[in-house]
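Student: Could you help me learn to read a protein structure? I would like to go through it step by step.

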Amino acid sequence: MRPTVVSGPWPRLQRAWDIRAACNFIGGGTGTGLILLALAAALGGADWLPALLLGLLFVGFGLTMVLFEIGRPWRALNVFLHPQTSWMTREGVLALPLFGAGVAAAAAEWLGWHGAALAGLSVAAVSAAGFLYCQARILRAARGIPSWREPALTPYILVSGLTEGAGLLAVVHAGAPWASVVLLALLLVRAGVWHHYRETLARRGAPAATLEVLGRLTPRLLAVGHAAPAGLLVAALTLQWPPLAVAAGLVAAGCGWRAKLVLITRAAQTQGFAIPRTPIRGRGTSRTAAKPGWSSQ
Amino acid sequence: MKAIRSNDAKWVPTYCYNCVAGPDLLTVKVENGVATQVRPNFAAEGVHPAAGRVCVKAFGLVQKTYNPNRILTPMRRTNPNKGRDQDPGWTPISWDEALDEITARLKDIRARGLIDEGGYPRVAATFGHGGTPAHYMGTLPAFLSAWGPIDFSFGSGQGVKCTHSEHLYGEYWHRAFTVAADTVNTKYIVSFGSNVEVTGGVCAVWRHADARDRGIKRVQVEPHLSVTGAASAEWVPIKPKTDPAFLFAMINVLLHEHPREALDVAFLRDRTASPYLVGPGGFYLRDPASGKPLMWDTRKGAPVPFDADGAVPALEGRFNVAEAIEHGPDGAVIPHQAVEGTTAFTLTAEEMRGYTPEWASGVCDVAAETIRRVANEYLENASIGATVEVDGQTLPYRPVAVTLGKTVNNGWGAYHACWGRTMLATLVGALEVPGGTLGTTIRLNYPHENRLASVRVGEDGFMAASLNPTDREHWLGKPSGRNAHRTLVPLVGNSSWSQALGPTHLAWMFLRDAPEGWPRPTFPELWFFYRTNPAIAFWDTRQLSDIMAQMPFVVAFAYTQDETNYMADILLPDATDLESTQLIRMGGTKFVEQHWEHQGVALRFPAVEPEGEARDLTWIAGELARRCGLQDRYNRALNRGAGCMPLKGEKFDFSLAEDREYAVDEIWDRVCKAATAAFSDGTEVHGLDWFKENGFFVVPFKRIDWYLTPTMIEKGLRYELPYQERLFRVGKELTTRMREAGHHWWDGQLEEYEPIPRWHDFPGMWTKTLAKMGGDPADFPLWGITTKVMQYTTGNNAAIQLMHEVAGNVRGVGRVMLHTGTARKLGIRRGDLVEVRSITGVTRGEAEPVEGIRPDTVVIPGQFDHWATPYARDLGYPSLNTVAPLSLDLTDSTGSGADVVLVSVRKIGEAAQ
Amino acid sequence: MTRYVMVADLRRCVGCQTCTAACKHANATPPGVMWRKVVDIEVGSYPDVQRVFVPTGCQHCDDPPCVSVCPSTASAKRADGFVTIDYDICIGCGYCMTACPYEARYKVDEAAWAYGDKAMRHEAMRFDERKVGVAQKCTFCVDTVDAGLAQGLTPGVDPDATPACVNSCISRAMTFGDLDDPDSNVSKLLRENRHFRMHEDAGTGPGFYYLWDREELPL
């Protein structure tokens, strides 16, 4: 029954969003990635419908999880009230054409209306791109969480969404070499933007606890989430053995999800409290002060 | 549930006296009969020194009222066995049943005699910190008075949790039961562990903040960076229990590194015993005819009695006196011919010569240059020669002060610290003058409410002192109370407060284990207590609980179940702070840092109806008096003033008829009227109803009355400093008495009666005692100390959730603080579970490594480790009290012990994620 | 124009948490929710260490990140400086909590009581269901200020138009008033003293100033 003691100026783990919110970034990223790649597949003449449907499923899953997170779910429609500045409103707004056009495209394809289907898919994909961008900007606008507000996180969220989508695309299109190539390329880019994100965050200064969590995550993320699937993909392409590509896809997506879960629920320390100077008590002295619990200024 | 919008809300005035720095004036919002909020009493702006603000504790009063864990009906124990492992088996009973059972016992006691075969009162009582319960117990004091002898010697922390030595020596030297800086006027304070920002109440916090604005420099000398240290200009970490060495070194700098004219020579010469000549026996040389102490008159070149007209005595030097006597112990007169007399000042200067900053540096672990600089800054700021006008009188202006905290002021070394502090004030003439070191209240002399009026002319040009006799004829060889305060501690006197200021731990210790040759005291037949929890607030709390379990019949005024009333036979639920009626005095000068420009009275009355069957203490006291057949004595006590003020004065008479019962409100209505009539000299009379609207009544209090020196001048008196001739004699006499009685267990304490205190290895006493108890000092390498916490201190409120919540923002509360480097060496990180172990006990809690603490010190704030109190028992907070031993060896001659214990710390669990 | 701000004098504050408790009383916040609190910050290393007590809470920023991220417009900024929350619109997404660099916002998802399952009488009486599942934070006691203004009182001067924390402060460390009025108490304090705002580099323009030294006035 003992309540948590909250003393101290140190950054502490944010308590607003938990795994349910993380699921939205996971579902939203993977889903929009899939939908964008579905359009690419369509333009390349490949089968795109499974990717679209799976993508919609993922985005829907994410949004459903959010519904469980918010305190007043029956007021959920209020989310649309602030498009002027809120990336969350914008995300919500874009979900409408995303689903509308996505479902329409699927229906048209089913009905054999290929032209209309492609048009619908295009609209859904553009919406998905916007949706994904909104997700990246949602984190950037969370100015209380240094690891989220870091602009270098934006490219990571975008690339990781595509990579997670590509991972599942490799599963859906098991054995299609082009899917493996796309995933391989995205894995390389994702490793790069992750590295860039971490470096930038550390350079600019962040809560030590955040950097510690990210520091523990990174070797595993790079080895298991990038090097291993890349190796599998190269092997799959060389040996032309599709199960390897499927495995690589699942690992690449799964590690992206894991990284997001860590980002949202563990590497998410607050700014903490800090003062630039100490006060002069009577005839005492003032000194400059550091940020408690931070890696550097 | 919908929010209820109240249309029946009002703010009612009351007071908070949860600590000695009260009362704070507040108002309580009452909505539809429910207390909902507390806020300051803004009407007190301009009256109360902190503009009617209340400290954080007062905000706990609403929860205190509605705490679901309250005991709300009288209870009887059904399990005859007592102990921590025995469920009391409480069963509710009616008030009639409870009072009948208690009264039957009381009447039986009265029938057999109030004093038992051992010579001790059969009834004993214990009340909480510093007299605070008196501000809630209504007319219970009238019942106590009506009853007769009661043993108050079972302490709840007195002597170890207060500023004990200051109480005794401060009141002896300058009517200063508590000592404060004249904060509103001073410029420089050296504070040795005094934590006024935590324990000084709102008045202290307010006026120190103003002083900082004004540009004061306060240097905090303390082993850890307390709140007061934080709010000071400088923090000087010092090894625990070495403060007297720092003080002596400051005295050394003043005496031996500056020309004499740099000191306040006139004050030393005219207002102290500095010029008194001391003979070879260590006593004053006296005029053989009059017996008066001699001084060397520089005009005549001859010795003269201290009060000789027109004499200009020599402050320093050695002089040949043709004929003189010394007054030794037990009336011994030592005649001298052609004897050399040395002024008390010279003896002091010589005694202090060796205590250089370089010497002190090795003792205190503080750089010599720091000590020297602080001493020089002190002298520089003293502005010797400056004057200031107060209420039309010109007084010296000496804006420097030295203040002492609890652990500095308790146990071994405390006498030396008190003397050092008072001497520093004396050397620069800063004692009891504007800007200097002041007393605030008195408790060992009368009248309690006016320390200036307590100054009576005594022997040798000094104030009369109220010492317990040590001469063969009058010494109380057979103690009147179980802590033997009148037998062992001459300085504590025999006022209504004295017994509880005696060595109160001895009462507990002797019940278990009396020293050789000392008769083991009897258990009191009936022990009752109110607003206190000694099973948490004292030391070696497990042992204390075991002793409590052996008390034959225990009556507890109970708020919730707690660790002490777990051993009770009857629980009586009393109406709490917001539920009961009382009028108390306020203002003037009072505990800690209260210097008001007003004085008067404040009322507390039921803002809300009492919960359950809880009853007002005034009702309970009246019932007990009536049922015991003491109505007349009870009413007479009330008429004499046991309920705040005498009911009859020159211009008013609101006396109670002696044979009649009065309702609670009727009694307080009369007290209100008497108080207002007394304060207004009969011009204003206000009853209870008026107070319910207005809350308080005040009249002006003159600022000049903050200072004792004008009274000393008016009465031609000198401060009994620097030389302690009288105490030296008293010590000799007491030594003889104890030897004659065959007691040697107090010998160490008797050595403390030095006329000029000398440094002893005080920290070493702890090491030696540890070794004597069978411990290896190497196994306990850290100094365990404690520090008070404003949210909790003296509030007996560990069960209040709000206090826990807000105290969580203060570092270290509920934790074990240690230095980051020490923690690193021990592999301890923030939040790890650690065990603090002493030779007698173990306490556990989370670690909080900090930079602001000496690497050899561990601080455990507050007093916790509850195991019975609902809510508090779930906190898992550590407590120094659990591991501090009750030890005769660590008790000083005033009967006090310090919150210091040698400990080890080890990690026993990882921090929760 | 009017811009209400808070000024905390760090030289005076002693970290006693009286304001914290007073705020909890005035606003009937549930256990664990402290709209106002004082943070205890240690600076330096032994033996050269200082400790600073920093009152904090919603900073009522000029450019409040909580308002811009809010998807529902429940969080809003008034022209006179107050950042407000409309409990009837808020969806309780918690986004504002992550946007605030001052950890000022709270959300409780169910009624909570000081002693376990059952509300005490005063808790039951003051319980406001509207605050469950939505964001909450320091309001600068906007209702008190508005009611006081309606009666012609001066915020920061008259207790009945002044936030509870300021009213309660036992070291007179906190002052509330109108920054745009050059004669106000806060304007005077800021003119005469050196000050900073917390996390000023976050660019939020906090309406909470900390005094740390006297301003060296021109000779």
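Student: Which residue is the bridge partner of B:Lys10 in β2(B)?

Tutor: The bridge partner of B:Lys10 there is B:Val30. Before we go on, note that this is a predicted model, where local features need pLDDT of at least 70 and side-chain atom pairs count only at pLDDT 80 or more, while totals for chains, interfaces and linings use all residues. Residues are numbered from 1 along each chain as its sequence is written, and chains are lettered from A and ligands numbered from 1 in the order in which they are written.

Student: What are strands, and how do β1(B) and β2 pair?

Tutor: Helices (H or I, at least four residues) and strands (E, at least two) are DSSP runs, numbered from the N terminus. Two strands pair if DSSP finds at least two bridges between them. Here, β1(B) and β2 (residues 24–31) of chain B are antiparallel partners over 8 bridges.

Student: In which order do the strands of that sheet lie?

Tutor: The order is β1-β2-β3 in chain B, an open sheet of 3 strands with antiparallel pairing. β1 (9–16) and β3 (34–40) of chain B are at the edges with a single partner strand each, so one side of each has no neighbour in the sheet.

Student: Which residues of helix α18 of chain B are buried?

Tutor: A residue is buried if 20 or more other C-beta atoms, placed from the backbone, lie within 10 Å of its own. In α18 (residues 541–548) of chain B, these are B:Thr541, B:Leu544, B:Ser545, B:Ile547 and B:Met548. Looking down the axis of α18(B), the buried residues fall within an arc of 160° (the arc of the directions from the helix axis to the C-beta atoms), so they line one face of the helix.

Student: What covers the buried residues of α18(B)?

Tutor: The cover includes α16 (504–512), α17 (534–537) and α29 (880–883) of chain B.

Student: How many helices and strands are there in chain C?

Tutor: Chain C has 7 helices and 10 strands. Buried residues are 60% of its 219 residues.

Student: And how many residues of chain A are in contact with chain C?

Tutor: Two residues are in contact if their C-beta atoms, placed from the backbone, lie within 7 Å. By that rule, 41 residues of chain A are in contact with 44 residues of chain C. Helix α3 (residues 87–111) of chain A gives the most to chain A's side, with 3 residues.

Definitions and conventions. Buried ≥ 20, exposed ≤ 12 C-beta atoms within 10 Å, placed from the backbone.
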